[in-house]
Amino acid sequence: MITIKDLRKVYHQGQREIIALDGVSLQVPKGSIHGIIGHSGAGKSTLVRCLSLLDRPTSGSVAVNDVELSSVGQREIRQARRHIGMVFQHANLLDSRTAAGNIAHPLEIVGTPKAQIEETVNRLLGLVGLAELGTAYPSQLSGGQRQRVGIARALAGDPDVLLCDEPTSALDPATTDEILDLIKDLTVRLQLTVLIITHEMNVVKRVCDAVSLLESGRIVEHGSLAEIAEHADSRLAQALLPLPQLSAENQGFEDGQEETVLDLTFGPGNANRPVLSGLARHFDIDVNVISGSVESLGSEQFGRLRVALGPGTDRAAVVRYLEESGVSVNRPVPNSEQDSSEKGAQA
């Protein structure tokens with residue numbers, strides 16, 4: 001697992017002090033995939049550099065599988081890096097080497113016997129679906145294939161942890177899905193612990209078990225996708241389960257009925273239950289669905305609906321009924337607040 005405690009990183013530019021990380025604490029369980037999302041300058045790249053030991057934290061600790069890494073010597077750092085694989089945005093392959101040669105490179109650096117290198121390279125090429133392309137050069141490969149080589153190279157040292165820094169932002173949507181599915185499959189098969197730095201919420205939705213929102217060097221929201229979805233007023237929930245903005249044109253109710261508009265979040269236990277029809281029968285009211293979305297978060301399905309209730313509705317009784325049915329209930333987010341939330345969570 002990855003354990004980060006009160007991590008701080010401060011840079012100095014002359015007399016100026018720049019706080020890149022300001023007390024970050026995080027735990028990623030073994031075998032899970034955790035997403036870090038945030039706008040440019042939030043501290044995501046600095047966090048990766050501290051985790052990969054390319055940068056020394058100013059204070060705090062970083063541990064992998066209960067081994068403290070942030071205070072070890074240079075020799076121990078080189079040894080520790082062999083247990084941490086890195087996947088980059090553009091694969092960063094050596095153009096003069098074949099796919100097999102790129103995968104072999106980190107093994108050659110540490111003096112791995114030639115026979116072992118050949119066996120490892122062939123195994124990894126098959127693992128990432130490139131068994132027939134070992135002799136191809138990067139210029140002969142598609143973007144997705146190059147990224148597969150990059151993933152195989154990251155796995156060459158048999159790491160416990162895989163750090164992925166924007167691994168799909170340079171790929172088209174179909175290839176992105178293929179690479180994410182590969183990462184998820186490898187996580188299960190190899191029992192990896194994976195941290196994905198991304199600005200794309202679709203990456204989080206497809207493969208992550210949990211997500212953190214990093215802002216100004218601090219984690220301001222955090223949780224499993226299920227926990228996030230249950231708190232529909234959070235910025236991450238609004239980005240994971242978006243609804244169209246509420247405006248006069250799409251309110252779907254008469255003037256004076258604003259108080260009867262509700263945002264509902266349905267979890268895996270009630271996503272397929274006829275909750276709204278039961279609500280309408282129970283209170284003998286009209287329920288108008290203004291907008292909605294259904295999203296797959298990891299392996300679970302969640303839904304959000306914005307509904308307007310008929311005139312004269314006992315709002316408190318309706319909210320109580322819905323919450324007893326396992327539905328999370330919130331008031332609609334005003335346009336200005338929703339704009340700000342989405343920019344912060346999706347940038």
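Trainee: How much space lies in the second largest cavity?

Mentor: In this predicted model, about 30 Å³ of space lies in the second largest cavity, and the structure holds two cavities of 30 Å³ or more.

Trainee: Which classes are found in the lining of the largest pocket, and how many residues line it?

Mentor: The largest pocket, with about 720 Å³ of space, is lined by 20 residues, and R81, R82, I84, M86 and P106 are those nearest its centre. The elements giving two or more residues to this lining are α2 (74-81), β6 (84-87), α3 (99-109) and α5 (143-155), and α3 gives the most, with four residues. By class, the lining of the largest pocket has 11 nonpolar, five polar and four charged residues.

Trainee: What does A100 touch, once residues up to four places away in sequence are left aside?

Mentor: A100, which is found in helix α3, touches V121, L125 and G134 under that condition; the word rests on heavy atoms within 4.5 Å. A100 and Y137, 37 residues apart in sequence, are 8.9 Å apart in space, C-alpha to C-alpha.

Trainee: Why is the pair of R148 and E178 called a salt bridge?

Mentor: The closest N and O atoms of R148 and E178 are 4.0 Å apart, and the term asks for a side-chain nitrogen of Lys or Arg within 4 Å of a carboxyl oxygen of Asp or Glu, so the pair is counted as a salt bridge. The pair links distant parts of the chain, with R148 in helix α5 and E178 in helix α6 (residues 173-190), 30 residues apart. The structure holds 13 salt bridges.

Trainee: How is the protein chain divided, and how far apart are the centres of the domains?

Mentor: The chain is divided into domain 1 (2-237) and domain 2 (256-345), whose C-alpha centres lie 37 Å apart.

Trainee: How do you know that the domains are in contact, and what area is buried between them?

Mentor: Contact means heavy atoms within 4.5 Å, and by that test 18 residues of domain 1 are in contact with 12 residues of domain 2. The area buried between domain 1 and domain 2 is about 1200 Å², of which carbon and sulfur atoms give 56%. In domain 1, K205, A232 and R235 lose the most area to domain 2, together 44% of what that side buries.

Trainee: How many salt bridges are counted between domain 1 and domain 2?

Mentor: The count between these domains is one salt bridge. As for K205, this residue forms a salt bridge with E295, and the closest N and O atoms are 3.4 Å apart, so the pair meets the limit of within 4 Å.

Technical notes:
Residues numbered from 1 in each chain as written. Predicted model: local features only at pLDDT ≥ 70, side-chain atom pairs only at ≥ 80, totals over all residues. Heavy atoms only, no water. 1 Å grid on protein atoms, 1.4 Å probe; cavity = no way out; pocket = protein on both sides within 12 Å on 5 of 7 lines; lining within 4 Å. Points joined across faces, edges and corners; volume = space filled by probe spheres on them. Nonpolar A, V, L, I, M, F, W, Y, C, P; charged D, E, K, R; others polar. Domains from an automatic or database assignment. Buried area = accessible area lost by both parts, 1.4 Å probe.
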